[in-house]
Amino acid sequence: MISKPITFGRVAVVGAGVFGVSAAVRLAEDGWEVDVFEAQRSIMNGATGNNVFRLHRGYHYPRSLDTALETKESVTSFLAEYGAAVIDSEQHLYAVSRVGSRVTGQEFLDHCTRAGLEFEVVKSPLLREDTTELVIRATESRMDPVQLKNIGLRRLAESGVRLYGGVEAGPDVVDHYDYVVLCGNARSNALMRAWGITPPRRQFEVCEVAIMKGAALGDTDIVVMDGPFNSLSPYGRREDLHILYDVEHSVHHRSISESFEPPEAYRDLLTNPCGEPSALTAFDAMRETASRFVNGLDDAEYCGSLWSVRTVLADVDATDARPTIVNWVAPTVMTLFSGKLVTAVTAADTVVDEMRCKLMEAPHSLAAV
């Protein structure tokens with residue numbers, strides 16, 4: 001049920017990841033007529049549905065306090081919208097490597113204190129003491145991607161949003177809507193260029209998250225930081241399966257530019273991200289790196305891969321900053337550049353606020369509703 005009558009105008013939201021879905025729902029509830037265009041067959045099949053599904057609270061970003069605080073402050077709004085998809089698992093462990101880390105154990109503890117994050121220094125049989133300097137138990141959660149998607153579909157229907165799945169928004173979308181909100185990750189830059197807008201330089205990465213069985217990790221989420229190390233987690237609610245991400249080996253292709261086309265070898269994988277085995281996997285290298293720090297991987301076997309294009313800020317290696325940015329790039333075109341998933345709902349509220357400001361500035365510019 002739509003909570004408010006449609007009075008303001010027509011908006012096209014391009015991209016139906018968790019950011020696009022959240023923005024569309026909030027706009028519809030605020031009184032806009034909203035259509036969502038998603039190139040994949042359904043929602044949340046891109047970066048939203050192919051990652052490590054961690055509900056970040058700030059621990060992961062000791063070199064960017066702003067990112068840590070942004071994620072921490074977004075948790076409440078995310079839980080209010082998608083809480084049924086959040087899993088409070090047994091424990092989340094963060095370990096600092098003795099060698100090659102960009103932060104020391106003490107610097108990581110100082111970061112947690114500055115960010116107001118709860119932690120407990122622990123020892124765990126899952127982490128090797130000879131290669132890890134510090135292990136803490138953190139207060140975090142993970143997400144069930146299936147339930148997250150189901151909530152998104154339900155909320156779109158309840159709010160009266162029209163979803164066009166399997167439909168790419170063409171360059172003429174700006175001619176048919178009062179406003180356009182670009183939430184399409186790599187695709188946003190191509191559309192901006194088609195509209196004569198100079199797109200920003202971004203770092204585009206083709207990423208793999210490996211799915212494995214036989215890992216003796218139980219219901220425990222592990223992050224080894226801060227450098228070319230690993231993240232391991234149960235796969236949603238499947239404790240018999242775990243997912244593995246490697247900062248170095250999971251990134252199969254990286255480019256910094258104003259536009260992006262994935263290499264030919266990965267295009268089918270990116271358009272059909274269903275977790276099937278792939279000859280292109282880097283699982284063996286990922287497991288080798290993880291085994292330097294994590295026990296319980298001797299019997300881990302490769303099951304499949306989740307593929308996506310991740311778009312991040314360029315030239316931020318020093319801080320690894322991952323902000324979420326809402327920005328007008330033309331009088332009727334807004335971009336929602338996604339940082340961490342947990343910020344999706346706060347970003348959606350910002351989109352609504354920006355639209356309301358536009359109405360106040362130039363209400364006469366809207367097409368007739």
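A residue is called buried here when its relative accessible area is under 20%, exposed when over 50%, and partly exposed in between (1.4 Å probe, protein chains only). Phe53 sits in the loop between strand S2 (33-38) and strand S3 (54-55), and its phi is positive, about 55 degrees, although Phe53 is not a glycine. Helices (H or I, at least four residues) and strands (E, at least two) are DSSP runs, numbered from the N terminus.

The model is predicted, and local features need pLDDT of at least 70, side-chain atom pairs count only at pLDDT 80 or more, and totals for chains, interfaces and linings use all residues. Residues are numbered from 1 along each chain as its sequence is written, and side-chain values use heavy atoms, with hydrogens and water left out.

A nonpolar core is a set of buried Ala, Val, Leu, Ile, Met, Phe, Trp, Tyr and Cys residues joined through side-chain atoms within 4.5 Å. The largest such core has 53 residues, of which Val13, Leu27, Trp32, Val34, Phe78, Tyr82 and Val181 touch the most other members. Leaving aside residues up to four places away in sequence, Tyr82 is in contact (heavy atoms within 4.5 Å) with Val18, Val21, Ser22, Met44, Leu148, Ile151, Gly152 and Val345. Another core, of 23 residues, lies apart from the largest one and has Leu127, Ala210, Ala282 and Phe283 among its members.

Pro145, Leu148, Ile151, Gly152, Arg155, Leu156 and Ser159 are the buried residues of H4. They cover an arc of only 135 degrees around the axis, taken from the directions from the helix axis to the C-beta atoms, and therefore lie on the same side of H4. As a reminder, an α-helix has 3.6 residues a turn, so residues three or four places apart point the same way. Val146 and Ala157 are exposed on the face turned away from the buried side of H4. The cover over the buried residues includes helix H1 (18-30), helix H2 (65-82), strand S8 (141-143), strand S9 (162-165) and strand S13 (230-235). At the start of H4, a side-chain oxygen of Asp144 comes within 3.0 Å of the backbone nitrogen of Val146; just after H4, Gly160 has a positive phi of about 80 degrees.

Strand S13 contains Ser231, which is buried with a relative accessible area of 5%. Not counting residues up to four places away in sequence, Ser231 touches Arg54, His60, Ile222, Val223, Ile243, Leu244 and Tyr245. In the loop between strand S12 (220-225) and S13 lies Asp226, joined to Met225 by a cis peptide bond with omega of about 0 degrees.

Arg356, in helix H9 (residues 344-361), is partly exposed, with a relative accessible area of 31%. Its side chain joins that of Asp30 through a polar contact of 2.8 Å. A polar contact is a pair of N or O atoms within 3.5 Å; within protein, one must be able to donate a hydrogen and the other to accept it, and residues adjacent in sequence count only if both atoms are side-chain atoms.
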